[in-house]
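I opened my notebook to look up a few spots in a structure.

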Amino acid sequence: MTHDNRGHDGQPRESGDVTRPQPAAGAASAETAARHDAGGLWEHPLGAARDVWAVFVQGRRRDTHVYAGDVHAPDAEMALVLAKENYTRRDPCVSLWVVRADQIHATAQDAAEMFVPATDKSYRFGGSYRQQRKAFQSSYQAAYREEDQ
Amino acid sequence: MSAMPPVLPDDPEMGRRFTERVQSGEQIEAGEWLPAEYRFEALRLITMHANSEIMGALPEREWIPRAPSLARKMALTAKVQDEVGHGMLLYRVAETLGRSRDEMIADLVAGRARFHNVFHYPAETWADVAIIQVFVDGAAMQTQGALRSCSYAPYSRVLKRICYEEDFHIQLGLDVWRSLAEGTPRQRAMLQDALRRWWTPIIHFFGMPDRVSPHTEKMLAWRIKVKSNEELRQQFLRRFVPVILEYGLEVPDPGLRWQEDEQRYVYTEPDWEELKRVGRGGGPKSAERLALRQRFHEQHAWVREAVNRWLQDHAQDAVA
């Protein structure tokens, strides 16, 4: 995502502010913020200038809209026109979304550890049950043959 | 939370951790902490690239009205549109490093910013279009292809898209090249002449052979530079000298030969002073192309004023 280090007024912020944006009221849950030991906020607005729009392209009807890049535009209609010119010149597209980039909130890059599973998550995957069944069946068959003799 | 100390711009410990991260192959996202010097160098590189896309559209643009067929006219228009689009993408990436697009474009039209040496030269004939599409875009592809693995993630993402489109430019160029190379003796002579005029600027394109300076080493360590100038030039020669020979055309450098034991091309040292002069805006077309860009910038000032006025009038529309 292309958040830049200009404030909402388009003025450059202090470079140090970029990873430490102003806290939005009630935004961070105390628990998650405490777990993030780097001490920064775990989420923040992207902080783009007001005329920056993020563009999402849907390639085919069955697909999700995927972030493609940004355009500068005064309003949504103009943003869609520019998005069409810039992001749909070749590859298939059936629908475009544009959203003001300054309305997007993101988890902090240095808070990525909160997505790392704390425990073994294999019980959430079908594949791990297939493996168990295979292991069970092979030992069952081996036992059956031994009994047969 | 509000008691957190502000991040110092160039804390040596943070700088050391940053260098470790990028050296281990990690990429940096927009908005993350950067050493001030990294920000400066990355911004310089990306602004220069953005400017070159915009100025690079101009030599080929001159040939749109004179393209020899409708198919060629449509393809060339598409290519020029791609280049301007690349400029748009790159200025946006540069903005994430702290300069606004308006400031960068103001620098460009005022002649305060640089753009690639090759775009300071004239495109005299239709054969020049073939040379630009094959060799200039081919040269750019070596640099940009390598930089796809650079450490600044937004630049790297945009380069993937740019290289995808540049591939079309090179394939289109090879088609124009082939039709001229297999054409009449006059067409072949025109192609050979264009190649002769473009050879030195293209060898210049990759820059001077790098001295092992602390600066270059830092750029390589930070992965703002991924391969040395000379490596990229050699990569280009290996890919494109065979294209010239395949069609029985002459490489314009009589000193060019393949050095088997070193696995590299030896070439006649070009006049590096010319590169410096051209880079500073002293090329045969520098002033004319800048004046054109400036004229259109001024002609379109009313659009920017209208947009800014609209934004001011609708400031309260922003969702709080």
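**Before starting.** I noted that this is a predicted model.

**Entry 1: a strand in chain A.** I looked up strand β2 of chain A, residues 52–58. How many of its seven residues are buried? I found seven of seven, and the strand is mostly covered. Next I sorted the side chains by direction. A:V52, A:A54, A:F56 and A:Q58 point one way from β2(A). A:W53, A:V55 and A:V57 point the other way. Both sets are buried.

**Entry 2: its partners.** Which strands pair with β2(A)? I found strand β3 of chain A, residues 66–72, joined to β2(A) by six bridges. The two run antiparallel. I also found strand β4 of chain A, residues 95–100. β4(A) pairs with β2(A) over six bridges, again in the antiparallel sense. I checked one residue for each pairing. A:V52 stands opposite A:H72 in β3(A). A:Q58 stands opposite A:S95 in β4(A).

**Entry 3: a helix in chain B.** I moved to α9(B), which has 18 residues. From its first C-alpha to its last, α9(B) reaches 26 Å. That is close to the 26 Å expected at 1.5 Å a residue. Where does α9(B) bend? I found a bend of about 30° at B:R238. A proline, B:P242, follows within four residues. I then listed buried residues of α9(B), among them B:L232, B:F236, B:L237, B:F240, B:V241 and B:I244.

**Entry 4: two loop residues in chain B.** Most residues other than glycine have a negative phi. B:R223 is not a glycine, yet its phi is positive, about 55°. I placed B:R223 in the loop between α8 (214–222) and α9 (229–246) of chain B. Is B:R223 buried or exposed? Its relative accessible area is 17%, so B:R223 is buried, as the cut-off is under 20%.

B:Q263 also has a positive phi of about 55° without being a glycine. B:Q263 is in the loop between β1 (257–259) and β2 (264–266) of chain B. Its relative accessible area is 43%, so I wrote down B:Q263 as partly exposed.

**Entry 5: a patch in chain A.** Last, I looked at the surface. A:F136, A:Y140 and A:Y144 form a nonpolar patch there. Together they have about 400 Å² of accessible area. I found A:Y140 in helix α3 of chain A, residues 126–148. Why does A:Y140 count as exposed? Its relative accessibility is 53%, and exposed means over 50%.

Conventions: Residues are numbered from 1 along each chain as its sequence is written. Chains are lettered from A and ligands numbered from 1 in the order in which they are written. This is a predicted model: local features need pLDDT of at least 70, side-chain atom pairs count only at pLDDT 80 or more; totals for chains, interfaces and linings use all residues. Side-chain values use heavy atoms; hydrogens and water are left out. Patches are made of residues with over 30% relative accessible area and no salt bridge: like charges are joined within 9 Å, nonpolar side chains (Val, Leu, Ile, Met, Phe, Trp, Tyr) within 5 Å. Accessible areas come from the Shrake-Rupley method with a 1.4 Å probe; for residues, only the protein chains shown count as cover. A salt bridge is a side-chain nitrogen of Lys or Arg within 4 Å of a carboxyl oxygen of Asp or Glu. Buried means under 20% relative accessible area, exposed over 50%, partly exposed in between (1.4 Å probe, protein chains only). Two strands pair if DSSP finds at least two bridges between them. The expected span of a helix is 1.5 Å times one less than its number of residues. The bend at a residue is the angle between axes fitted to the seven residues ending there and the seven starting there.
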